[in-house]
Amino acid sequence: MPKVKTPRSKPVSRAAKPKAKSAGKTSPNGLLKIATFNANSIRARMPILLNWLKKEKPDVLAVQETKVQDSEFPKEPIEQAGWNVVFHGQKGYNGVAFLSQKPLEKVDMGFYKQAEEQARFITGEYAGVRLFNTYIPQGYAIDSEKYQYKLRYLADLKKYFGKNVPNTLPALWMGDLNVALTEIDLNNPKGNQDHPCFHIDARNALLEAMRGKWTDLFREKVKEGGHYTFWDMRFPGAFERNAGWRIDLILGTPPMVGRLKDTWIDTKPRGMEKPSDHTFLVAEFSK
DNA sequence: ATGGTCGGCAACCGA
């Protein structure tokens, strides 16, 4: 297959933009800045997380795979750094959180009853925008029960959104969706037809959950491939070769598509501390 | 690359 060799730092990187947004805690450009990050353990990623917040000052950061039960969640260092935080997790696996400048309102831990599903979903409202933060099951293998669980989870979310999110509501659905929607959203589409994150049933399940309601905001602005948010750590040099996947997404309802000003994948935090396998995705909206 | 590396947590599971 043709290898898409895109230098990670070139397009859509923060470095290419004028640096005028660094003073004060609130973005001086007056935009609503929303971000998402799969931390793969929030405790292991605390330095990179706090550095990033200090530098980027988003209004809200959605975090997935916190991998910590609520009693062990590192609430104090986050609050001492000046951020509000709500979270829900379980021991060792999954777990989601919102870090925000102002407290979120109407926070709800989930629509499911089981602990695992609850640890994959959190919602709240910020500045009149309803936010959904999900960690979609990875699926393990397409012939496994875990894959069926993934498809079911996406089908259940579709129902939930159908009931709770009218298209006129300003809303964002973000997180680790664990699905690359099209061939340009992963480095090796031909070799991953049967991968649980690219298999046609997973793609269709996410498309179905999105249909008529949710727009992939990064793809709305950036039409070329080669921009990824995840690189599998098990493949040596995956990051350097840009052998990645765009599976972390920020989706918006029509009002938020209209308000979208900019969106980018931040490659700069890598190397600051221990590297992680996912990186930050950001979107800015008019208020 | 039919591989390998992390993180959690204490033997392997999950990504």
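User: Hi! What share of the contacts in chain A with a separation of 6 or more comes from residues 24 or more positions apart?

Analyst: Hello! Among the contacts in chain A with a separation of 6 or more, 68% join residues 24 or more positions apart. Two residues are in contact here if their C-beta atoms, placed from the backbone, lie within 7 Å. Bear in mind that this is a predicted model, where local features need pLDDT of at least 70 and side-chain atom pairs count only at pLDDT 80 or more, while totals for chains, interfaces and linings use all residues. Residues are numbered from 1 along each chain as its sequence is written, and chains are lettered from A and ligands numbered from 1 in the order in which they are written.

User: Thanks. How many helices and strands does chain A have?

Analyst: Chain A has seven helices and 14 strands. They are DSSP runs numbered from the N terminus, helices being H or I with at least four residues and strands E with at least two.

User: And how much of chain A is buried?

Analyst: Of its 287 residues, 42% are buried. A residue is buried if 20 or more other C-beta atoms lie within 10 Å of its own, exposed if 12 or fewer, and partly exposed in between, with C-beta atoms placed from the backbone.

User: Which residues touch the most other members of the largest nonpolar core?

Analyst: That core has 72 residues, and the ones touching the most other members are Val 63, Ala 97, Phe 98, Leu 172, Ile 250 and Leu 251. Such a core is a set of buried Ala, Val, Leu, Ile, Met, Phe, Trp, Tyr and Cys residues joined through C-beta atoms within 7 Å.

User: What is Phe 98 in contact with?

Analyst: Leaving aside neighbours within four places in sequence, the contacts of Phe 98 include Val 60, Val 85, Leu 104, Ile 122 and Leu 131, along with Gly 124 and Asn 133.

User: Let's switch to E14. Why is that strand largely enclosed?

Analyst: Strand E14 spans residues 280-285, and six of its six residues are buried, so the rest of the structure largely encloses it. Both faces are covered: Phe 280, Val 282 and Glu 284 are buried on one side, and Leu 281, Ala 283 and Phe 285 on the other.

User: Which way does E1 run against E14?

Analyst: Antiparallel: five bridges join E1, residues 32-38, to E14. Strands count as paired if DSSP finds at least two bridges between them. Strand E13, residues 260-266, also pairs with E14 in the antiparallel sense, over six bridges. Phe 285 stands opposite Leu 32 and is also the bridge partner of Leu 260.

User: Which residues of H1 are buried?

Analyst: In H1, residues 46-56, these are Ile 48, Leu 49 and Trp 52. They cover an arc of only 100° around the axis, which puts them on the same side of H1; that arc is taken from the directions from the helix axis to the C-beta atoms. The buried residues of H1 pack against E14.

User: What about the loop between E1 and H1: is Arg 45 buried or exposed?

Analyst: Arg 45 lies in that loop and is buried, with 24 other C-beta atoms within 10 Å. Beyond neighbours within four places in sequence, Arg 45 is in contact with Ala 39, Asn 40 and Ser 276. Asn 40 sits in the loop between E1 and H1 too, and has a positive phi of about 50° although it is not a glycine. With 17 C-beta neighbours inside 10 Å, Asn 40 counts as partly exposed.

User: New topic: what is the order of the six strands in the open sheet?

Analyst: The order is E5-E6-E7-E8-E12-E9, with mixed pairing. Strand E5 (105-108) and strand E9 (215-216) stand at the edges with a single partner strand each, so one side of each is left without a neighbour in the sheet. E5 joins E6, residues 121-126, antiparallel through two bridges, and Asp 108 has Thr 123 of E6 as its bridge partner.

User: Last one! How many residues surround DNA strand B?

Analyst: There are 16, and the closest are Ser 41, Lys 67, Gly 92, Gln 138 and Arg 234. A residue is near a molecule or strand if its C-beta atom, placed from the backbone, lies within 6 Å of it.
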